[in-house]
Amino acid sequence: MAIHALPSHEQFGSAGSLFDASTDPDRSCLPPQLLLILPLLNTSLLAMAYDTQTLIRLDKAHVWHPFTQMRDWIIPEHEPLVLVAGHGAWLEDSLGRRYLDANSSIWTNIHGHGHSTLDRAIRKQLEHVAHTSFLGFTNPNAVELAARLVELLPGSSLTKVFFSDDGSTAIEVAIKMTVQYFQQTERPLKRGFISFENAYHGDTLGASSLGGISLFHDRFKSHQFPVTQIGSIENLEAIDGSEIGGLIIEPIIQGAAGMLLWPPGILKSLRQWCDENEVLLIFDEVMTGFGRTGKYFACQHDKVYPDFLALAKGLTGGYLPLAATLTTDKVFSAFLGSYEKAFFYGHSYCGNPLACAAALANLAIFEEQRVLQQLQTKIEHLARGLHGLQELANVREIRRAGFIAGIEVAGQNGQSFDRQDRIGAQICVAARNHGVLTRPIRDVIVLMLPLCVGFEEIDISVGAIQKAITEVCGPIS
Ligand SMILES: Cc1ncc(COP(=O)(O)O)c(C=O)c1O
């Protein structure tokens, strides 16, 4: 029972029009009366306004998706979901099907989709201005956000905030500041970096130089800067720190590595080694920031603070791209002086007022709705649910840090599945049929729910993963 199908691409003459149907009265084919009430309607009616087949055809003809083997994407049998709406932890596709967003829209979403506080904050900012340059100017939202972020880290020396666009650029900033810091404090030889095996810090060339996932990083080695990679903290003993400027880690848990947990106490030992060797410590909290591990930031569990803290993803509640690299007065001071000592780095959208408005609203929700306090019982509930999954013969290990979980599957003999079989991907497709969206990291099923979910939604997601593993791998032992 479709209300109105959209006209085809050819009729409109532009692919963009297809996406504007519900909101742009000038271009929509929907009657004006319906347009007025659309926002009030059940979203499944809204979904029917999309011409799914045309969108998929155009997507396959023109769009190149990230981290995707496009040969598999463009084959006729592949029917990508066209996501058109979101409310709370749920997403809706163009055919009106609802899915639990169990991957938080690639680890970004915090308080759910369509949150009235976030929506209102962005709309309010739009009444003023969408974007103004941060090069040579400032804006109220960015100023307030910087001050709020600093306040969130009492006990640390992190007092200065540099805004950029995403996780990768937050890391680029930390890398470049480190190199320039040592140049400007008369130690130019301290330009090396230490990172960990299996690390992931982003895809720009600088950030990916620090990465340790061979599938993503190895082919670009010739274009990246050399980095000393270590497997464990013990390896530091053999390293001469005199030519090392920075050491980077994803605190508590390595995400893209497959949700690998660090041994307790590692951050304290790293802090000590860095202090002894005059090395700047960089915490990449692009994934772990904003409540995922049960505190605002993962480093707060151990009360160990870095010289650089990189934030992105959840900074705007998962609404808009924005990143922040926090650092200390000590680092900042080294850039003061003659013009040439400035940090010559930036992007067009640094400090974007709309994104900063979203970030301020994100933080306001944390406070007003006591999100971190409420989260603790959800974490316990999740832990209990995951415990049940352990009974599945194909579950090799479940790793969890707060509200972040990775469920690793393997053959019943304990051996890893053949990579080519892409069992993790098959499980996620099966989970989708049970109304839950997530993505695997090889054979690790990621469960990273928005913090707003209730117990029932936690049960739905764990239940769907359980069914999916059983369907793909076999029954409970
Ligand atoms: C720990 C970590 N750092 C950096 C990044 C890169 O962030 P972005 O994809 O926003 O560039 C990611 C992305 O997943 C990440 O998990």
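Strands β3 and β15 pair in parallel, over 2 bridges. A strand here is a DSSP run of E, at least two residues long, and a helix is a run of H or I, at least four long; both are numbered from the N terminus. Two strands pair if DSSP finds at least two bridges between them. In this pairing, leucine 100 has valine 436 of β15 as its bridge partner.

A word on the source. This is a predicted model: local features need pLDDT of at least 70, side-chain atom pairs count only at pLDDT 80 or more, and totals for chains, interfaces and linings use all residues. Residues are numbered from 1 along each chain as its sequence is written.

Back to the sheet. It is open, with 4 strands in the order β1-β2-β3-β15, and the pairing is mixed. At the edges sit β1 (83-87) and β15 (436-437), each pairing on one side only. Strand β1 runs antiparallel to β2 (residues 90-93), joined by 4 bridges. There, histidine 87 has tryptophan 90 in β2 as its bridge partner. Next come β2 and β3 (residues 98-101), also antiparallel, with 3 bridges. Glutamate 92 is opposite arginine 98 of β3. These two strands make a hairpin with 4 residues between them. In its turn, glycine 96 has a positive phi of about 85°.

Now the whole protein. It has 18 helices and 17 strands. Of its 477 residues, 44% are buried. Buried means 20 or more other C-beta atoms within 10 Å of the residue's own; exposed means 12 or fewer; partly exposed lies in between, with C-beta atoms placed from the backbone. Two residues are in contact if their C-beta atoms, placed from the backbone, lie within 7 Å. Take contacts between residues at least 6 apart in sequence: 71% join residues at least 24 apart.

What about the nonpolar cores? A nonpolar core is a set of buried Ala, Val, Leu, Ile, Met, Phe, Trp, Tyr and Cys residues joined through C-beta atoms within 7 Å. The largest has 123 residues. Ala170, Leu247, Ala310, Ala324 and Ile465 have the most contacts inside it. Helix α15 (residues 353-368) gives the most to this core, 11 residues. The core also draws at least three residues from each of domain 2 (119-368) and domain 3 (371-473). Those bounds come from an automatic or database domain assignment. Look at leucine 247. Beyond its neighbours within four places in sequence, leucine 247 contacts Ile194, Leu270, Cys274, Val279, Leu281 and Ile282. Apart from this core lies another, of 5 residues, including Tyr50, Leu55, Val84 and Ala85.

On to the ligand. How many residues surround the ligand? There are 15, the closest being Asp166, Gly167, Ser168, Gly202 and Val286. A residue is near if its C-beta atom, placed from the backbone, lies within 6 Å. Helix α9 (residues 167-184) supplies the largest share of this shell, 3 residues. The shell divides into 6 nonpolar, 5 polar and 4 charged residues. Nonpolar covers Ala, Val, Leu, Ile, Met, Phe, Trp, Tyr, Cys and Pro; charged covers Asp, Glu, Lys and Arg; the others, Gly among them, are polar.

Last, isoleucine 230, in strand β6 (residues 228-230). Why does isoleucine 230 count as partly exposed? Because it has 18 C-beta neighbours inside 10 Å. Leaving aside neighbours within four places in sequence, isoleucine 230 contacts Ile194, Phe196, Glu197, Asn235 and Leu236. Phenylalanine 196 is 34 residues from isoleucine 230 in sequence, and the two are 4.9 Å apart in space, C-alpha to C-alpha.
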